[in-house]
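Dear colleague,

Please find the structure below.

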Amino acid sequence: MKKMLVWTLCAAMLLAVAGCGESRPRVEKVEIAELAEAENEEQENSEKASAEEEENALSADTESEDDAAETDNTEAAETDTADTVETGDSASGSDKTEADDSITAETTADENTAAAEGTDTATQSASASTTVVLSDDTVFDAEYYANTYADVKASCGTDFDALLNHYLTYGKKEGRQPSAEGTAANNAASATGTADAASTTGAATTTTTSASDSGHQISGFSIIYQNPELPTGCESVAATMLINYYGFSADKVDLADNYLPKASATFYYDANGNKIGPDMENYFVGDPHSSGYICGVSAILTEVNGYLSAQGSSLRAVDKTGISFDDLYAYIDNDTPVMVWVTIYMANRRSTTGWYTEDGRWMEYATNDHGAVLIGYTDTTVTIADPISGKVEYSRSQFESVFASRSNKAVIIQ
């Protein structure tokens, strides 16, 4: 009985303990679930609020940027409009006025020029003429010359200077006719006769002459030819002609052998591959009796002054390199012949080549370089004492072009 009572008490206690352990966890689970649900709801509300705030802030920023952009666009448009108005006012104001004034001035100038040109048709026709009178009174008609000789026209075309140069260099020697009219004197006589006949018959006839009285020819200038003794010594022979004009009897071979400074045509290449050779300005390079190059002004000064000194003369050769054409022809007017550096047959200078001196100066030459003496000129021609061709005439414009390509190198004796 006592034992049963003990077991009953134990069972009751166990039931009590089981009931207590069961009710407490149930309460804790409810509270934790409710707390978690509350926290989740609060977090969602907070995130929702934050999202709304960010959305509101973004919307506000966008509206602010739109407002700012609209303001900027409005200001820019106003500025552009103002600039356009200002520019338009300027273009339609002073600039346009200046442009209109310029156009008016140009139009007036053109009208004045046309009026001036129209006042003298004969003068205008004369300036456009293809006919000139040469120093020997021969009339040269470029149009006639080209149309008469098909081979010349095929070579020179209708260029006046080329045709004149051909006649003076080749045509004259070949017996070609320069014109259909003959000499200027004959034309003048014919014109006079025509005028007299017109006067007799009462006809109103006007004759225009394009002849020019300008120019000068030096008389008594003797020609010396370089061949056969000095085939490459043109500069030295030209200097010999210049000397003898002043009453001396210099011999071309003596001058070339004993007064012309010469240097051997020997060359080498430096470490940089540059061709190194003699000073061609101060020496004739090579042998004027056979194979040689050219020489510059300084070599001719040495030659001529050496000879003049040996003759006891006070005359001296003077370097006139760089001389103007006005001064060049002024010497001819004063009967002072001028040695000039040009080209063979007054052809255009060929492409140049050369070498360096040991002190670094460039020596340049072309295979058709030549030396001669200027002894006359007209409005359209020059007369040259040429060591190869003798006394010849060339187109003045062609001579000036070639002379300039040789740096206007010139020497006189005074």
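Which residues of the largest nonpolar core touch the most other members? They are L328, L374, I384 and F399, in a core of 52 residues. A nonpolar core here is a set of buried Ala, Val, Leu, Ile, Met, Phe, Trp, Tyr and Cys residues joined through side-chain atoms within 4.5 Å. Buried means under 20% relative accessible area, exposed over 50%, and partly exposed in between, with a 1.4 Å probe and protein chains only.

Please note that this is a predicted model, in which local features need pLDDT of at least 70 and side-chain atom pairs count only at pLDDT 80 or more, while totals for chains, interfaces and linings use all residues. Residues are numbered from 1 along each chain as its sequence is written, and side-chain values use heavy atoms, with hydrogens and water left out.

Another core, of 13 residues, lies apart from the largest one and has F140, Y145, C156 and L168 among its members. In soluble globular proteins, nonpolar side chains tend to be buried together.

T381 belongs to strand β13 (residues 381-386). T381 counts as buried because its relative accessibility is 0%. Its side chain makes a polar contact with the side chain of T378, at 2.8 Å. A polar contact is a pair of N or O atoms within 3.5 Å; within protein, one must be able to donate a hydrogen and the other to accept it, and residues adjacent in sequence count only if both atoms are side-chain atoms. Leaving aside neighbours within four places in sequence, T381 is in contact (heavy atoms within 4.5 Å) with residues including L134, L164, L168 and Y394.

R349 is found in the loop between β9 (338-343) and β10 (353-356). Its C-alpha atom is separated by 7.1 Å from that of D369, although the two residues are 20 residues apart along the chain. Beyond four places in sequence, the contacts of R349 include E364, D369, S405 and R406. A polar atom of the R349 side chain lies 3.4 Å from the backbone oxygen of S405.

Yours sincerely

Conventions: Helix = DSSP H or I, 4+ residues; strand = E, 2+ residues; numbered from the N terminus.
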